[in-house]
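Got the viewer open and a hand on the selection tool? Let's take a walk through this one, stop by stop.

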Amino acid sequence: MKVVNNITPSVDGLGIIKGRPAYTDDFADKNSLIVKVMRSPHAYAKIIKIDSVEAEKLPGIEMVLTYKDFSRVSFTRAGQGYPEPSPYDKFVLDEYVRYVGDEVLAVVGMDLKVCEEALALIKVEYEILEPVLDFENAIDNPSVIHPEPEAHEMFPIGFEPLRNIAASYHMNVGDVEKTLTECDVVIKETFFTQAQAHVMLEPHTVNARMDYQERLCIYDSTQTPYHMRRIISQALNIPLSKIRVVKPRVGGAFGGKQGIHGEMLVAWVTYKTGKPAKMIYTRKEVFESSYSRHPMKMTVTLGADKSGVLKALDFHCLSDTGAYGEHALTVFMVVGSKVLPLYNKVDSVRFYGDVVYTNHTPAGAYRGYGAIQGNFALESAVDILCEKLGMSPIEFRQLNMMKETETSPIFEIMGEGTAGTAMIMETCKLEECVEKGTKLIDWKNKYPSIDMGNKVKSVGMAIAMQGSGIPYIDMGSATIKLNDDGFYNLLVGATDIGQGSDTVLVQIAAEVLMTTVDKVVIYSSDTDLTPFDCGAYASSTTYVSGNAVFKAANEMKEAVLKEARRILKSELVEFDGAVFTNELGESITLIDLSNQITYSEDQKQLSVTASYVGHKSPPPFMAGFVEIDIDKETGEIDIVDYVSVVDCGTTINPKLAEGQVDGAIVQGLGMAMFENVLYSKKGGLISNSLMTYKIPTRVDINHLTTVFVDSYEKSGPFGAKSVGEIGIDTPPAALANAVYNALGVRIKSLPITPEKILLALKAKGRE
Amino acid sequence: MKVKITVNNQEKIFECTPSDYLLDTLRDNNYVSVRRGCDTTNCGVCTVLMNGKPVPSCSVLTVQADGKNITTVEGIQEEAEKLGKYFGAEGADQCGYCNPSLALTVYAMKKELVNPTVKEVKKYLVGNLCRCTGYISQERAIMKYLGDKS
Amino acid sequence: MKVSEYVKAKSLNEAYDLLRENKKNYIIAGGAWMKLSVKTADKLVSLDGLGLDQIVLKDGFIEIGALSTLGQIETNETIKKLLDGILVQATGNIMGVNIRNIATIGGSVMGKFSFSDIYPVLEVLDTKLVFHKHGEVELLDFLNNTKFEKDILVKIKIRNQKGKGFFKKVATTPLDFSIINVACSYVENRLKITVGSTPYIAKPCIKAMEYINGVKEITSEVIDKCSSIVLEEVKFSKNIRGSKEYREEIAKVYVTRGIKQVINYEG
């Protein structure tokens with residue numbers, strides 16, 4: 001292959017580093033009205049009275065919007081395919097506020113200063129209600145967070161709002177309780193994972209204007225422009241045909257922009273006033289009022305026979321979706337569907353539990369999407385089981401884990417909120433990943449640990465899987481048109497949020513069309529100009545959108561060949577990407593052909609559109625190994641190296657794929673080591689700035705070793721699966737296992753801080 | 001009030017109030033490569049050079065920059081392109097939001113540190129956060145850029 | 001921050017008068033911390049151009065102008081050599097270079113920040129502050145009094161001594177505030193020890209210092225007892241960064257390591 005799987009700089013990297021206007025706010029109209037939201041100081045309250053008379057009189061204030069200005073239409077903010085598997089439990093503005101940071105009202109003014117003055121003049125009277133702040137006490141709590149009759153599910157997801165249950169799920173294969181009684185060794189452990197903040201560097205922002213066709217044109221920092229268009233149309237009762245959503249460059253998302261943020265209010269202001277408007281979230285608003293990761297409590301029971309064969313897997317999960325139920329069921333299900341099949345040969349498996357409402361910042365989509373939480377619990381439990389069995393963690397996994405050509409009944413049972421899709425693992429190189437990883441980290445000589453005086457060196461590992469798009473639901477499409485001068489436009493709905501999909505899709509097209517990347521010009525994510533794509537989530541872009549591009553490029557190749565056959569008067573025409581030649585040696589260049597059909601003869605525009613929906617979701621797999629030096633007296637950890645051996649099929653862009661894994665590993669290490677969304681006793685977010693919420697810095701990351709194994713997934717474009725999320729899953733368990741191997745203390749709640757380690761060590765010493 | 005600031009070797013007169021921060025004044029005057037990432041001086045995204053030294057433009061009052069030289073990435077295009085090519089070769093070009101400010105800081109670092117080690121580069125750039133790359137690819141690119149004496 | 005007026009003082013006297021004119025008048029140095037802590041200011045008075053940004057060696061003292069940035073201190077060759085470079089270690093690990101290019105030593109000292117990494121180091125050095133009206137003041141006098149707040153800090157003087165130094169900042173990441181910090185110095189056979197950010201501001205461990213400076217020989221038992229006295233006399237508490245118990249545990253560890261390092265303990 002000449003383009004795919006070759007080092008290719010991104011098509012936009014140079015322009016961006018040189019500072020060209022590229023991100024959403026760079027394109028805001030200079031005269032935009034500023035929309036500023038007043039945010040609830042209470043975790044749960046009813047708005048009794050709003051006095052905005054003084055504020056509305058301020059010169060420069062356009063309007064004050066309250067719940068009375070909107071018709072009562074419930075929707076979900078989640079950017080998912082319709083009908084969404086998330087409950088419709090949100091109104092544009094409501095009489096109730098359900099978390100500290102929830103929208104109370106909005107002021108609209110000429111500039112930020114006057115908006116802040118106006119906010120200070122508005123008096124709101126609340127009836128404070130008893131908040132639910134402990135997710136373990138949410139079910140059947142006397143305080144009901146969504147009593148409103150309009151809230152509903154689009155199809156059965158176990159929605160019981162009067163019990164504070166946003167969703168629930170239960171599946172089983174075989175009789176897990178019976179199998180456990182037949183096991184020689186059983187362990188049962190409970191784990192906690194915390195909420196994590198995305199901390200994408202670009203805060204959420206959106207701006208809107210009316211164009212000269214009197215249509216609402218929105219520039220949005222989003223992962224899902226098409227879903228945003230639909231939800232705005234639904235909630236504000238604006239015809240879909242009157243809305244255009246454009247996604248410029250996005251400064252990071254990681255799932256945090258897979259849902260409505262400021263779009264609703266900004267769209268309404270522009271639509272109503274005819275004037276351009278914008279909203280930029282402050283970093284505080286991003287922390288408090290966007291989304292974070294679902295915190296979870298997971299109880300894992302594993303049963304094995306004494307030879308180490310895993311026979312039973314029981315997994316009970318409780319998830320906290322916060323004040324609104326975006327992504328509640330689907331994240332929950334991924335805890336099972338993209339974790340449990342790792343040990344596919346068990347006799348019985350059960351996965352069940354509930355997703356509850358609390359008066360916390362809403363949880364939403366976040367890279368890993370349940371797999372990282374489930375992985376921490378399962379892969380920690382596996383190591384605990386290994387110790388009881390007296391078996392090495394590597395040996396146990398090699399014996400029990402998923403292998404190529406195998407399957408798991410879970411694939412058929414668990415899908416995206418509904419039933420799933422059966423599939424055989426046509427590609428699964430886990431064995432090789434584990435073997436290679438143990439060599440790269442020198443497991444043999446470092447496991448379990450090496451005493452170094454004040455410090456101990458140790459290693460720990462975990463395996464993981466994810467998915468590649470959602471079969472039978474995620475659709476991507478691509479349009480390719482030929483220009484004069486022999487270059488192509490590639491139009492895709494697919495959403496580049498920094499993961500490099502623009503580049504990867506260009507590479508796929510260029511490979512098929514046997515040309516170079518500079519001859520394929522991509523334009524993406526504009527609901528008017530690009531064909532539909534579900535958006536950047538579920539690791540779908542390379543696999544789903546890539547397959548659409550693959551199809552379209554092949555159709556374009558056939559289309560140009562058809563013209564060439566006509567022009568060269570022959571059925572036997574060969575094409576090398578630049579020149580067409582017939583059996584008599586007569587030729588025409590693509591450039592000349594394109595100019596001819598544009599201007600001179602038999603003029604036509606060659607343009608093809610192709611779509612793709614997956615029939616399977618071939619999982620990428622990986623083995624992650626961490627080497628740490630840990631201070632015996634303080635618990636402080638140095639991450640010496642993190643080895644990732646990944647099977648993601650073909651790496652369309654090897655360096656960008658490596659970058660995806662690297663970035664995800666570091667984000668996973670952040671969650672494993674110190675990132676912590678912290679609430680006060682009254683439910684307000686303490687960690688609401690970068691001063692109080694820390695992410696890994698470059699000094700924290702000493703070295704990363706990321707390698708890919710040879711793997712070719714036939715159903716993927718040029719053999720590719722996906723690589724966007726898999727990297728984030730292993731660090732928490734790998735670290736927990738390494739700490740145990742070093743010091744004999746097992747930390748079962750994230751983050752694994754030096755304080756937790758030291759205090760556990762002291763407690764152990766006292767026993 | 002009016003302030004006189006030399007931006008990228010061009011003398012400019014900006015209209016501002018004593019409460020305005022350099023970041024907003026620059027953005028309002030079309031230097032959109034200078035961007036905001038946080039409210040608390042923690043991310044490095046807003047970094048510009050003031051008299052050649054990296055400073056957080058979100059925390060420098062426009063009036064404090066009166067009479068000073070400011071460099072945004074528009075003022076170091078050749079160096080940014082050179083660094084950008086190394087980023088592209090190493091796969092360090094992801095969302096890009098931190099890149100212009102990183103390019104400026106690297107440019108200042110190149111003048112301040114002689115043949116730095118990776119450790120020294122990490123320390124100098126620690127205030128430039130990145131959430132996408134995991135840092136390693138950026139550092140490979142930066143070391144190669146520093147080693148390129150052309 | 002809402003500012004009514006920005007004034008570039010033409011002299012220290014003018015700045016001094018402006019500062020005292022109105023409760024809402026402030027001296028602005030770098031301004032980074034001020035942006036986060038001051039909501040409204042009447043006059044912001046800049047001392048830019050008054051020559052307060054020089055670092056000179058004079059009469060056995062390193063004189064650091066109050067407007068010297070942390071970046072200037074970090075790269076100063078003389079300060080790098082002072083007591084194993086502990087002042088460089090302290091200033092050079094605060095935030096990133098961009099902050100250190102605007103944050104000043106004056107702002108750091110006047111701010112009396114409880115999380116300050118600079119205070120513990122200044123306390124184990126021989127440090128004096130020089131104010132515009134009050135003249136030379138011992139650092140600890142300034143720390144324990146409020147009467148100097150409305151004066152203008154002109155420079156700090158640190159005796160250019162020969163000896164050993166130790167500084168440790170324990171933090172979650174390099175960009176975070178300290179969970180605790182520890183500084184030790186050993187000059188002319190006298191040990192100084194401070195523990196700070198506990199979360200309270202660093203204060204010298206007087207009793208512990210009295211004890212260890214009074215013994216004939218520093219054995220490991222002496223060091224252990226000394227660090228235990230530190231735990232008794234220093235106030236520890238919990239905050240978002242750590243619990244009381246954890247802070248006490250690591251304070252003991254790092255005081256022990258610090259003492260051993262500065263006295264070259266080989267036991």
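**Stop one: around a helix of chain A**

Select Asn237(A), which comes just after H5(A) and takes a positive phi of about 55 degrees. Bear in mind as you go that this is a predicted model.

Now step back into the helix itself, residues 225-236 of chain A.

To colour them, pick Pro225(A), then the run Tyr226(A), His227(A), Met228(A), Arg229(A), Arg230(A), Ile231(A) and Ile232(A), and finish with Ala235(A) and Leu236(A). Next, show what lies over these buried residues: the cover includes strand S10 (216-220), strand S11 (243-246) and helix H6 (263-273) of chain A.

**Stop two: the domains of chain A**

Zoom out and colour chain A by domain. Domain 1 takes 31-129 + 204-280, domain 2 takes 296-469 + 616-766, and domain 3 takes 475-613. Keep domains 2 and 3 of chain A on screen: their centres, taken over C-alpha atoms, are separated by 39 Å. Where they touch, domain 2 of chain A puts in 17 residues and domain 3 of chain A puts in 18. Colour the domain 2 side of that contact by class and you get six nonpolar, nine polar and two charged residues.

**Stop three: across to chain B**

Select the contact between the chains: 46 residues of chain B meet 45 residues of chain A. By class, the chain B side facing chain A comes to 21 nonpolar, 15 polar and ten charged residues.

**Stop four: inside chain B**

Select their contact and you pick up 15 residues of domain 1 of chain B and 14 residues of domain 2 of chain B. On the domain 1 side, strands S3 (47-50) and S4 (53-56) of chain B each supply at least two residues, and S3(B) gives the most, with three. That domain 1 side divides into seven nonpolar, five polar and three charged residues.

**Stop five: a sheet in chain C**

Last, go to chain C and show its strands. In what order do the three strands of the open sheet run? The order is S1-S3-S2 (chain C), with parallel pairing. The edges are S1 (2-8) and S2 (26-28) of chain C, each of which pairs on one side only. Neighbouring strands of this sheet are turned by 35 degrees against each other on average, direction ignored.

Zoom in on S1(C) and S3 (residues 40-46) of chain C, which pair in the parallel sense over six bridges. Click Lys2(C) and look for its bridge partner in S3(C): that's Thr40(C). Finally, bring up helix H1 (residues 12-21) of chain C, which lies across S1, S2 and S3 of chain C and runs at about 170 degrees to S3(C).

Notes: Residues numbered from 1 in each chain as written. Chains lettered and ligands numbered in written order. Predicted model: local features only at pLDDT ≥ 70, side-chain atom pairs only at ≥ 80, totals over all residues. Contact = placed C-beta atoms within 7 Å. Nonpolar A, V, L, I, M, F, W, Y, C, P; charged D, E, K, R; others polar. Pairing = 2+ DSSP bridges. Helix = DSSP H or I, 4+ residues; strand = E, 2+ residues; numbered from the N terminus. Axes fitted to C-alpha atoms, helices over the stretch in contact; angles between N-to-C directions. Expected span 1.5 Å × (residues − 1). Buried ≥ 20, exposed ≤ 12 C-beta atoms within 10 Å, placed from the backbone. Domains from an automatic or database assignment.
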